[in-house]
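Hi,

Here is the structure I promised to pass on to you.

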Amino acid sequence: YRQENSGLGNFVRKISSNEGKRDFTVRSISLEKAEKMQDYEKSKFEIEVEGPFHSIGNFLEELEDSRFLTRVDSVQVSRIENELRLCRARILVSSFSWREL
């Protein structure tokens with residue numbers, strides 16, 4: 001767990017990589033707030049994704065099952081106008097990572 005949760009970059013790289021198995025797009029990842037503690041950092045991210053509703057749900061399950069120390073704070077899903085199967089989601093996530101020394 002320590003290696004996967006070492007530094008903020010690992011989380012961002014893993015989330016933004018498509019790895020060919022997702023049928024949705026990560027539109028943006030923005031850092032909302034970062035707090036430095038003695039041994040770790042707590043960061044709040046806003047992740048915007050676009051894709052079929054079930055794919056967004058699968059992504060949330062993937063986050064839950066991952067080795068990342070994360071907490072989903074909120075999810076807002078809306079249908080994209082004039083699109084039958086695409087949705088846009090705004091996901092607020094708290095991520096905890098060991099500080100790179």
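Ser74 sits opposite Leu92, a residue of E4. Please keep in mind that this is a predicted model. In it, E3 and E4 run antiparallel and are joined by 10 bridges.

Stepping back to the whole sheet, you will find 4 strands in the order E1-E2-E4-E3, forming an open sheet with antiparallel pairing. At the edges are strand E1 (25-36) and strand E3 (69-79), each of which pairs on one side only. On average, neighbouring strands of this sheet are turned by 15 degrees against each other, direction ignored. As background, strands of a sheet pair through backbone hydrogen bonds, either parallel or antiparallel.

Next, have a look at the helix. H2 lies across E2, E3 and E4, and runs at about 10 degrees to E4.

Then there is the core. In the largest nonpolar core there are 12 residues: Ile15, Phe24, Phe45, Ile47, Val49, Ile56, Phe59, Leu63, Cys87, Ala89, Ile91 and Val93. Strand E2 (40-51), helix H2 (53-65) and strand E4 (87-98) are the elements that give two or more residues to this core. E4 provides the largest share, with 4 residues. In soluble globular proteins, nonpolar side chains tend to be buried together.

Leaving aside residues up to four places away in sequence, Ile56 touches Val49, Gly51, Cys87 and Ala89.

Key:
Residues numbered from 1 in each chain as written. Predicted model: local features only at pLDDT ≥ 70, side-chain atom pairs only at ≥ 80, totals over all residues. Heavy atoms only, no water. Core = buried A, V, L, I, M, F, W, Y, C linked by side-chain atoms within 4.5 Å. Buried < 20%, exposed > 50% of the residue type's maximum accessible area, 1.4 Å probe, protein only. Contact = heavy atoms within 4.5 Å. Pairing = 2+ DSSP bridges. Axes fitted to C-alpha atoms, helices over the stretch in contact; angles between N-to-C directions.
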